[in-house]
Amino acid sequence: MTAARARAWVLWLLLFALATVAMRLVRSNIDQAHAVLAYLLIVLGGSVAGGRPLGISLAGMATLAINYFFQAPLDTLSVAKPPDGLVLLAFLATAVTTTQLLALARSEAEEARRRADEVTRLAYLGSETLNAGTAEAALGAIARVIRDELRVDTCLIRRLVDGRKEVVASAGAAPRARDVSRLEIPLTGHDVELGALELQHPTPIAVDEPQRRFLDALGYYAALGLERMQLAAEAAHADALREADRMKDILLASVSHDLRTPLTTIKAMAQDGALRGDENSAIIEEQADRLSRLVSDLLDLSRMKGGTLHLSPELNAAEDVIGAVARQFAGTTSGARLVTAVDLSQPALFGYFDFVHTLRILGNLVENALRYAPADTPVELGVTTAGEMLAFTVADRGPGVPAPEVERIFEPFHRSPGARNDGGAGLGLSIARRLAEEQGGDVRYAPRAGGGSVFTLLLPACDPQAEEIA
Amino acid sequence: MTLTESPATPAAAPRARTVLVIDDEIQIRRAVRNALRDMADDVLEAASGQEGIDLAASAMPDVIVLDLGLPDMAGADVCREVRRWGTMPIVVLSARHAEQEKVSLLNLGADDYVTKPFSTLEFGARVRAQLRRYQSLAGPAQGAVVTARGLTIDLVRRRVSRGQGAIHLTPIEWDILRTLVTAAGRTLTHQQIFDAVWGRVFGNPQQYLRVHITNLRRKIESDPSRPQLVVTEPGVGYRFEPEE
């Protein structure tokens with residue numbers, strides 16, 4: 001019992017005695033109702049000041065005092081008339097009930113204050129831990145707070161990294177592998193497991209309800225800390241990747257410039273010689289073109305692998321890109337064999353694709369077809385729709401592709417057995433397919449009826465009529 | 001701009017008094033000099049952007065060939081500077097994968113570009129086309145009827161015909177054709193054509209330029225799948241090619 005409680009008992013018992021003596025002295029002038037009301041006040045005051053035990057004690061004593069001193073027959077504990085018994089009963093019931101209600105209200109107020117204190121403390125701890133300079137420092141602070149609060153030997157926070165849980169913060173005694181009782185609480189953030197909180201103590205760890213709430217709250221902070229660590233790690237990784245990308249871009253740009261400048265000169269000089277009828281110069285020019293294509297292919301492939309390829313898909317007409325392919329091959333000797341087939345009786349077909357990259361895809365497919373098809377056969381370039389897709393077809397009368405080779409022809413540097421070594425590095429088809437895939441399309445091979453190959457480029461179709469034309 | 005291209009007098013092979021080559025690589029300058037020797041009296045060389053601007057201002061060449069990979073300044077800045085006082089054609093030498101760069105240079109006033117490594121024949125033809133265009137701009141107006149590959153375009157009466165057959169164009173198709181024809185031989189970016197035809201229209205009908213070009217070609221080209229008059233510069237824009 002606290003000193004305040006003891007003082008309350010002494011004070012209110014004294015008041016009770018004084019009131020009893022005073023009322024006894026003026027007994028002839030007062031009614032028992034006056035005594036009842038006076039005692040009720042004392043019971044109420046006593047329960048407020050001293051709590052339920054004092055209230056109930058006072059109620060009991062007051063009941064006896066009313067009966068003894070103020071009810072006829074006076075100065076005895078007997079009840080003569082039934083209404084007097086009712087008065088006593090009513091007094092006792094009222095006094096006890098109010099005492100109980102007061103006590104209840106008091107304990108609720110106390111509980112509320114305790115909860116408020118708890119919340120304030122958690123908020124303070126939360127801001128304390130989250131304000132720590134680094135996520136690691138915050139987790140260290142959380143571990144210390146938990147250890148101190150729960151009075152356990154050790155508190156560990158583990159972070160899930162690549163399937164393993166690594167200790168990122170600990171407080172207290174060195175963690176032990178055995179002879180210790182543990183309590184593990186998983187830490188999750190946005191429904192993803194981030195790690196775990198582990199308590200270790202030589203004796204079994206019991207956690208009561210407030211402690212559980214405390215652990216839950218701090219566990220939440222710890223999860224936030226782990227998330228922060230993860231974000232920081234990802235940001236650092238992204239920075240490194242960006243830097244690597246930047247270096248790659250610089251390297252590509254400089255390689256591309258440094259190779260292209262001599263190639264430009266060689267080609268120009270050789271063409272000059274070839275125009276004057278020098279056969280050797282013509283061969284040099286041809287080889288310079290070949291080298292230039294190879295450089296472009298390698299740069300493209302590395303751009304695609306590095307993810308630095310820039311796509312700008314737009315509404316484009318299928319026949320526009322077919323015309324551009326035809327124009328690209330118009331100057332070459334083999335280009336005369338390219339036949340374009342566009343059905344002009346039908347409305348023009350449109351798609352949503354990157355014009356430059358699509359031109360490159362079709363250019364590679366046509367070049368491939370011209371290389372493998374016999375020199376006296378045409379290569380046909382056309383377009384149709386296939387459901388939601390545009391289907392560009394490049395058909396030749398070449399030897400076709402044997403079934404086991406079909407998927408391998410799209411691998412970089414693949415060359416069909418027996419292929420003529422006349423300029424391709426085996427990159428054309430793989431670049432074509434990758435560029436198509438980047439645009440939500442594909443390049444497919446099928447044998448052609450009557451012999452030969454059909455390569456189909458699929459790209460998303462688009463109907464400009466469906467939208468309003470300005 | 002009211003350019004007129006004379007169909008009556010087949011343009012004599014145009015010659016330049018002076019060509020200026022701005023390139024930091026001596027070998028490329030030499031290749032350009034070789035490619036142009038038949039059409040220029042004098043080829044001046046500048047190894048940096050600043051030197052090029054100074055030389056262009058003092059010599060006022062008929063054509064400028066500008067490489068984009070200059071060590072001292074961006075090609076765009078050279079182009080912008082020259083355009084402050086000069087109207088001579090600027091032909092840009094650029095690398096592949098630089099469509100955006102080409103577009104921004106054309107928008108800044110460059111007239112055409114050639115991708116490295118280039119064919120000297122193709123390069124020569126492009127420079128010649130620019131010279132012809134520039135000289136016809138300077139010369140007296142010779143009528144407002146343009147013919148090319150059997151197509152007759154009357155810019156004043158707004159009539160297009162092939163042989164005896166009149167071709168009906170929608171107003172937008174006509175505006176596109178007129179824009180391209182009056183800049184014949186010059187690559188216009190999508191943006192330039194759009195600005196000329198639509199002006200300041202809100203919304204984004206720019207992508208429909210492709211739709212209108214497709215419709216236009218189906219009306220004026222003899223083989224729309226292999227256009228000879230309105231050719232596509234991939235990723236950059238379109239060009240009207242007058243008959244050589």
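The pLDDT is the predictor's confidence in each residue, from 0 to 100. This is a predicted model, in which local features need pLDDT of at least 70, side-chain atom pairs count only at pLDDT 80 or more, and totals for chains, interfaces and linings use all residues. Residues are numbered from 1 along each chain as its sequence is written, with chains lettered from A in the order in which they are written.

The model scores ipTM 0.83 and pTM 0.63. Chain B averages a pLDDT of 84, and 87% of the residues score at least 70. Over residues 1-11 of chain B the pLDDT is below 50. Where pLDDT is low, the predicted coordinates should not be read in detail.

At the interface, 37 residues of chain A are in contact with 32 residues of chain B (contact: C-beta atoms, placed from the backbone, within 7 Å). Helix 5 of chain A gives the largest share of the chain A side, 12 residues (helices are DSSP runs of H or I, at least four residues; strands are runs of E, at least two; both are numbered from the N terminus). The chain A side divides into 19 nonpolar, 11 polar and seven charged residues (nonpolar: Ala, Val, Leu, Ile, Met, Phe, Trp, Tyr, Cys and Pro; charged: Asp, Glu, Lys and Arg; polar: the others, Gly among them).

The largest nonpolar core holds 44 residues (a core joins buried Ala, Val, Leu, Ile, Met, Phe, Trp, Tyr and Cys residues through C-beta atoms within 7 Å; buried means 20 or more other C-beta atoms within 10 Å of a residue's own). Helix 8 of chain A supplies its largest share, nine residues.

Conventions: Contact = placed C-beta atoms within 7 Å. Buried ≥ 20, exposed ≤ 12 C-beta atoms within 10 Å, placed from the backbone.
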